[in-house]
Amino acid sequence: MTQISELIKAEEKRQKETLMMIPSENYASKAVREAVGSVLMNKYSEGYPGKRYYQGNKVADQVEILAQDLAKKLFGVEHVNVQPYSGSPANAEVFFALVNPGEKIMGLKLSSGGHLTHGHPDITFSGKFFKSVQFGTKDDGVIDYDEVEKIAKKEKPKLMIIGTTAYPLILDWKRLGEIADAIGAYLVADISHIAGLIIAGVYPSPVAFAHVVTTTTHKTLRGPRGAMIMVTKKGIKKDSEISDKIDRAVFPGLQGGPHNNTTAGIAQALSEAEEPEFKKYAEQIVKNAKVLAEELQKRGLTLVTGGTECHLMVIDLRPLVLSGNIVAEALEAAGIVTNRNSVPNDFMPPFYPSGIRLGTPGVTTRGMKEPQMKIIADWILKVVDHVKNEKLPEEKNERAKFIKYFREKIAEDKFLKDIASEVKLLCKKFPTP
Ligand SMILES: *Cc1c(COP(=O)(O)O)cnc(C)c1O
């Protein structure tokens, strides 16, 4: 066995025996994984269907057209580009198509649940190449749309990109569309996290209110790592050349050849999302998240915004004077894989934030339902309680060393190991695809 096949086996074991509770992750179906691992990856197809720069693209054309058609139908959009390599390049491509360097864009802060590519200052292309204006939330984590409107009217960005990675409530797309219209800005809805929920009708669609919609394909949509850029009727009405601008920004603007194997995986995932079972799946994601959120709160944990309306929640550990790093490490040792996350107006830096982000798409794919969420909530509470006296050093330079020491210490912790064994037993009953 080669070293890499051993590593893949080890990762497979990890995924099977632990709870995937990072809300941006999911288990893609075997059919999606097979499409991505197929010979389609051997083909170069620069250009678009019917307009390629290479010979031999008859099949690749059909694959791409199929993916486009399915996306158009499922999201109700006019035009789709399925070639973006991932979510971040997709957003870069939309900016490249619609705003010039130095012009103004506006988005939700990363620390308030937005994404790095939405104008995060200094360290991202979106904050360096454009003049970026960002908004946050109120102290309770809720977006104040009056404030968004005030900032938009004062700053007059050319483009507003709105999307969330850690915002537990439903966005008011209508209001955001009105704000963008009032200043003549493009509204780009980045639905990366919630695309699957939108297809299933359990989260409102932005398509009637936005000009452009971007999404990754590997989160609730349960496809391969990739992304799509979609243009709405409203987008074409505002700018009749918008679809061409976007296609040219993807290729040749920022990318070369599309990953045909990924495109095939996207088409496969979209065809799975068309099935009635997918609607049930998405409904269950939200039901599970709500039960998990209620259980955690009932037993004393604080959640940002006081709960969830979608697939994710953020635990605010500040009332317990606990660090997200410590809790995330302890949860992992107990077989519950999450990520630490900033909370609104966190006084700690993003690498040592005060929250934990949890989501239900992965465990719901395994078939877990409300009773399992109660069991998981119980484990989470036990783990949090178990580490309640562990404090991250105040001294900044001591923190990394402490986390390393803590990780080694809890690797042998019997209490956490016992939970990990129980997690493994539960996981056995709910196989991964
Ligand atoms: C995940 C995500 C992205 C980026 O996707 P990558 O594939 O990681 O580049 C962009 N925007 C939002 C809202 C996301 O959730």
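Leaving aside neighbours within four places in sequence, with which residues is phenylalanine 75 in contact? Phenylalanine 75 is in contact with Ile191, Ala195, Ile198, Ile199, Val207, Met228, Met230 and Leu270, where contact denotes heavy atoms within 4.5 Å. This is a predicted model, in which local features need pLDDT of at least 70, side-chain atom pairs count only at pLDDT 80 or more, and totals for chains, interfaces and linings use all residues. Residues are numbered from 1 along each chain as its sequence is written, and side-chain values use heavy atoms, with hydrogens and water left out.

**Aromatic pairs**

- The whole structure holds 8 aromatic pairs (ring centres within 6.5 Å, using the six-membered ring of Trp; planes under 30 degrees apart are stacked, over 60 edge-to-face, the rest tilted).
- Phenylalanine 402 and phenylalanine 406 are stacked, at 6.1 Å centre to centre and 15° between the planes.
- Both phenylalanine 402 and phenylalanine 406 are buried (under 20% relative accessible area, with a 1.4 Å probe and protein chains only).
- Ring pairs join Phe95, Phe125 and Phe130 in a cluster.

**Charges over rings**

- Arginine 222 places its charged end over the ring of tyrosine 281, 3.9 Å from the ring centre (for Arg, CZ within 6 Å of the centre and within 35 degrees of the ring normal).
- The charged end of arginine 399 sits over the ring of tyrosine 352, 5.6 Å from its centre.

Notes. Buried < 20%, exposed > 50% of the residue type's maximum accessible area, 1.4 Å probe, protein only.
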